[in-house]
Amino acid sequence: MTTKKTLSLLSLATAATLALGACSSGNAPAPAASSASPAPALSISEPWVKAASSGMTAAFGTVRNGSGKDITITTVTTPASPMAELHETVMNPSGGMQMRAKEGGFTIPAGGELKLEPGANHIMLMKLAKAYRAGDEIPFELKASDGTALSFTAQVKDFSGAKENYAPGGDSGEHSGHGGEDHSGHAQPTTSPAK
Ligand SMILES: [Cu+2]
C-alpha cells in the first residue's frame, strides 16, 4: 500500500463524513434503544418470612410491576417448602378472617404494586423443609402467566408485633376454611396470646 493510496482513501472518507454531516445535523439517531435496560417488570421490596420451627409459615413483601401491562403471578417456588401457594385472606360468613388459595393468582396492575402482608395476601409455605429462625435467608421464585419471573431472597424474622393482625379475632375456628389437610397448624401461632 503506497502513501498516496492511503491519502486518497482518507480524503474519500473525509468527503463522505462531510456529506453526511450536511444532510443530518447532529448525531444520527442511535438504534441503541433495544440495548437500554428497561425497568424490571417485577421487583420486590423488603421480602421477609415469619420464623417458624415446623409446619407452615408465610412470606411477605411488596411486589412491584414496572412494566406497562398487568402481570399475574401464578406460581411460587422455594426450597423451603415443597408446597408453596399464593394465598389471600377473606372474611368468612361469620365475620372472621380466613386464608385460602388465591384463585387465578396475584394480578399486579401496570406500574402498580401488590402488598403481601400479615392478615392479607401472602405467600403460604406449607410442610416446611426445616426450622427457619430469624436471620435465615430463603430464596424464592415467582412466575407470571406471561413468563415473567422474579427471583429474590427473603429474610426470616420473628414476627412478634401485631400478632393480632395475622388473623384478626384469633379464634380457633378461623382457619377452618383451609380444609382438613395440613392447615390446622395455621392457627397455632395466632390462637394463644398467652406468651
Ligand atoms: Cu395461608
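Trainee: Why is Asn 65 called buried?
Mentor: Asn 65 has a relative accessible area of 2%. Buried means under 20% relative accessible area, exposed over 50% and partly exposed in between, with a 1.4 Å probe and protein chains only; therefore Asn 65 counts as buried. This is a predicted model, in which local features need pLDDT of at least 70, side-chain atom pairs count only at pLDDT 80 or more, and totals for chains, interfaces and linings use all residues. Residues are numbered from 1 along each chain as its sequence is written, and side-chain values use heavy atoms, with hydrogens and water left out.

Trainee: What makes the pairing of the Asn 65 and Ser 67 side chains a polar contact?
Mentor: The two side chains are joined at 2.7 Å. A polar contact is a pair of N or O atoms within 3.5 Å; within protein, one must be able to donate a hydrogen and the other to accept it, and residues adjacent in sequence count only if both atoms are side-chain atoms. The value of 2.7 Å therefore meets the distance limit.

Trainee: Why does Phe 152 count as buried?
Mentor: Its relative accessibility is 9%, so Phe 152 falls under the 20% limit.

Trainee: Which residues does Phe 152 contact beyond its neighbours within four places in sequence?
Mentor: With contact meaning heavy atoms within 4.5 Å, the partners of Phe 152 include Ile 44, Ile 123 and Phe 140. Phe 140 in turn touches Val 49, Val 76 and Leu 150, among others.
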